[in-house]
Amino acid sequence: MTEPLSATCHCGAVRLTLPGDAAGVLACHCGDCRKMHGNFNAFLAAPRVEITVEGEAALVWYQSSPDSRRAFCGTCGARVVKEQTAAGRWLVSAGLIDGPTGRHITRNLWAQSKSDWYALPETHA
Ligand SMILES: [Zn+2]
Ligand SMILES: [Zn+2]
């Protein structure tokens with residue numbers, strides 16, 4: 001997968017381009033993701049420096065843990081990204097990717113923390 005992936009929030013104010021070799025889709029079932037996404041968090045991960053952002057001023061940041069902050073679009077409320085600050089890594093919500101991704105969920109993270117109202121998604125390499 002080498003084609004860059006394009007991602008937009010619901011209102012289009014925020015537009016990202018991810019490298020084609022971004023990791024994932026990964027599914028995180030931790031308590032923080034559940035509270036903030038209303039469900040598990042499916043995302044693609046890439047170094048911040050490899051992601052292009054248009055409309056970054058629309059992002060509203062929230063420090064969700066000492067090591068991480070998360071951003072949503074201040075206009076439409078779409079959850080856009082979790083930043084692992086020290087690692088310089090962005091985890092971009094998979095639902096924002098436009099068009100077919102050609103990908104599957106490859107790993108479940110924090111499976112032991114998942115809610116009891118759904119089954120873990122199947123994973124495929
Ligand atoms: Zn938006
Ligand atoms: Zn999580």
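A residue counts as buried if 20 or more other C-beta atoms lie within 10 Å of its own, as exposed if 12 or fewer do, and as partly exposed in between, with C-beta atoms placed from the backbone.

This is a predicted model, in which local features need pLDDT of at least 70 and side-chain atom pairs count only at pLDDT 80 or more, while totals for chains, interfaces and linings use all residues. Residues are numbered from 1 along each chain as its sequence is written, and chains are lettered from A and ligands numbered from 1 in the order in which they are written.

**Overall build**

The protein has one helix and 10 strands. Helices (H or I, at least four residues) and strands (E, at least two) are DSSP runs, numbered from the N terminus. In order from the N terminus, the elements are β-β-β-α-β-β-β-β-β-β-β. The radius of gyration is 14 Å, close to the 14 Å that the globule rule gives for 125 residues, so the protein is as compact as a globular protein of that length. That radius is taken over C-alpha atoms, and the globule rule is 2.2 Å times the number of residues to the power 0.38. Along the principal axes, the C-alpha atoms fill a box of roughly 35 × 30 × 30 Å.

Buried residues account for 30% of the 125 residues. Of the contacts between residues at least 6 apart in sequence, 52% join residues at least 24 apart. A contact here means that the C-beta atoms of two residues, placed from the backbone, lie within 7 Å.

**The three-stranded sheet**

E2 belongs to an open sheet of three strands in the order E1-E2-E5, with antiparallel pairing. Two strands pair if DSSP finds at least two bridges between them. E1 and E5 are the edge strands, each pairing on one side only. Neighbouring strands of this sheet are turned by 15° against each other on average, direction ignored. The angles are taken between axes, which are lines fitted to C-alpha atoms (for helices over the stretch in contact), and run from 0 to 180 degrees between N-to-C directions. In the hairpin of E1 and E2, six residues stand between the strands, and Gly12 takes a positive phi near 90°. Thr17 of E2 stands opposite Ser6 and also opposite Thr52 in E5.

**The seven-stranded sheet**

The other sheet described here is open and has seven strands in the order E6-E7-E8-E9-E4-E3-E10, with mixed pairing. Strands E6 (59-65) and E10 (107-109) stand at the edges with a single partner strand each, so one side of each is left without a neighbour in the sheet. From one strand to the next the twist averages 30°. Leu44 stands opposite Val92 in E9.

| Pair | Bridges |
|---|---|
| E1 and E2 | four bridges |
| E2 and E5 (residues 52-54) | three bridges |
| E4 (residues 41-47) and E9 (residues 89-93) | five bridges |

**The core**

A nonpolar core is a set of buried Ala, Val, Leu, Ile, Met, Phe, Trp, Tyr and Cys residues joined through C-beta atoms within 7 Å. The largest has 28 residues, of which Ala7, Leu18, Leu44, Cys73, Val80, Val92 and Leu96 touch the most other members. Two or more residues come from each of E1 (5-8), E2 (15-18), E3 (23-28), E4, E7 (68-73), E8 (79-84) and E9. Leaving aside neighbours within four places in sequence, Leu18 is in contact with Pro4, Leu5, Ala7, Leu44, Ala46, Ile51 and Val92.

Leu26 lies in strand E3. With 19 other C-beta atoms within 10 Å, Leu26 is partly exposed. Not counting residues up to four places away in sequence, Leu26 touches Phe43, Ala45, Thr106, Arg107 and Leu109. The C-alpha atoms of Leu26 and Glu83, 57 residues apart along the chain, are separated by 15 Å.

Trp110 lies in the segment after E10. Its phi is near 55°, a positive value in a residue other than glycine. Trp110 is partly exposed, with 16 other C-beta atoms within 10 Å.
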